[in-house]
Amino acid sequence: MASKAANAKKRVIISYMNLSPELLDAFKATYPRGYAESLIRIDKPGGDFFYVVPFETEEISYLVKVDVKIDTKPEEELEKDYYADEDDEISGAEQIADTASDDDDE
C-alpha cells in the first residue's frame, strides 16, 4: 500500500499572468464560461487578501491567483448607473440611436 505522501499532488500558488501558454489553454478549457463562481478569498496576516481559482492537472494542484476588481461605490450610486431616469428613458439613448443609424448609412 502506497503512503499518503506518495499519492499527494504537489500544490502550487501561481499568478494567472505567469501561467505557461499550455497551462493557460487548459485553465480556459476548465472554465469556459468564466471562473467567478469558483473564486476563493485567501486572507493574509495583516488584513491583506487575494483571490485564487482552483485548477488541477494530473501532477499539480494549482491555486491560480487572479486580480479581482471590487466595486466600492455606495449602493445608491450603483443603482443610478443601471436605472432609467424619471421619464423611463435611458440616459444617452439618443446618441446610441444616432450612432447606430449613422453606421447603417455606410
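A residue counts as buried when its relative accessible area is under 20%, as exposed when that area is over 50%, and as partly exposed in between. Keep these cut-offs at hand for the tour. The model on screen is a predicted one.

**Stop 1: Leu24**

Select Leu24, which is found in helix 2. Is Leu24 buried or partly exposed? Its relative accessible area is 21%, so Leu24 is partly exposed. Now show the neighbours. Leaving aside residues up to four places away in sequence, Leu24 touches Tyr16 and Leu19.

**Stop 2: the whole chain**

Zoom out and colour by secondary structure. The chain has four helices and four strands. Followed along the sequence, they come in the pattern α-β-α-β-β-β-α-α. Next, colour by accessibility: of the 106 residues in the chain, 15% are buried. The accessible surface of the chain comes to about 9200 Å², and carbon and sulfur atoms account for 50% of that surface. For contacts between residues at least 6 apart in sequence, 41% join residues at least 24 apart.

**Stop 3**

In what order do the four strands of the open sheet lie? The order is 1-4-3-2, and the pairing is mixed. Strand 1 (10-15) and strand 2 (40-43) are the edge strands, since each pairs on one side only. From one strand to the next, the twist averages 35°.

Strands of a sheet pair through backbone hydrogen bonds, in either a parallel or an antiparallel way. Both ways can be found here, pair by pair.

- Start with strand 2 and strand 3, which pair in the antiparallel sense over four bridges. Select Asp43 and look for its bridge partner in strand 3, Phe49.
- Go on to strand 3 and strand 4, an antiparallel pair with six bridges. Three residues lie between these two strands, which also form a hairpin. Select Val52 to find its bridge partner in strand 4, Lys65. Then select Tyr51, which stands opposite Val66 in strand 4.
- Finish with strand 1 and strand 4, which run parallel and are joined by six bridges. Here Ile14 stands opposite Val64 of strand 4.

**Stop 4: helix 2 over the sheet**

Bring back helix 2 (residues 21-30). Helix 2 lies across strand 3 (49-56) and strand 4. Relative to strand 3, helix 2 runs at about 90°.

**Stop 5**

In soluble globular proteins, nonpolar side chains tend to be buried together. To see the largest nonpolar core of this model, select Ile14, Leu19, Leu23, Phe27, Tyr31, Tyr51, Val53, Phe55, Ile60, Tyr62, Val64 and Val66, 12 residues in all. Helix 2, strand 3 and strand 4 are the elements that give two or more residues to this core. Which element gives the largest share? Strand 4 does, with four residues.

Within this core, pick Ile60. Not counting residues up to four places away in sequence, Ile60 touches Lys9, Lys10, Val12 and Phe55.

**Stop 6: strand 4 and Ser61**

Strand 4 is mostly covered, with five of its seven residues buried. Select Ser61, which lies in strand 4 (residues 60-66). Why does Ser61 count as buried? Its relative accessible area is 17%, and the cut-off for buried is under 20%.

Show what surrounds Ser61. Not counting residues up to four places away in sequence, Ser61 touches Lys9, Lys10, Arg11, Val12, Phe55 and Glu56. Two of these neighbours deserve a separate look. Arg11 stands opposite Ser61. Glu56 is joined to Ser61 by a polar contact of 2.9 Å between their side chains.

**Back to the start**

Show Leu24 and Ser61 together. Leu24, at 21%, is partly exposed, whereas Ser61, at 17%, is buried.

Notes: Residues are numbered from 1 along each chain as its sequence is written. This is a predicted model: local features need pLDDT of at least 70, side-chain atom pairs count only at pLDDT 80 or more; totals for chains, interfaces and linings use all residues. Side-chain values use heavy atoms; hydrogens and water are left out. Buried means under 20% relative accessible area, exposed over 50%, partly exposed in between (1.4 Å probe, protein chains only). A polar contact is a pair of N or O atoms within 3.5 Å; within protein, one must be able to donate a hydrogen and the other to accept it, and residues adjacent in sequence count only if both atoms are side-chain atoms. Contact means heavy atoms within 4.5 Å. Two strands pair if DSSP finds at least two bridges between them. Axes are lines fitted to C-alpha atoms, for helices over the stretch in contact, and angles run from 0 to 180 degrees between N-to-C directions. Accessible areas come from the Shrake-Rupley method with a 1.4 Å probe; for residues, only the protein chains shown count as cover. A nonpolar core is a set of buried Ala, Val, Leu, Ile, Met, Phe, Trp, Tyr and Cys residues joined through side-chain atoms within 4.5 Å.
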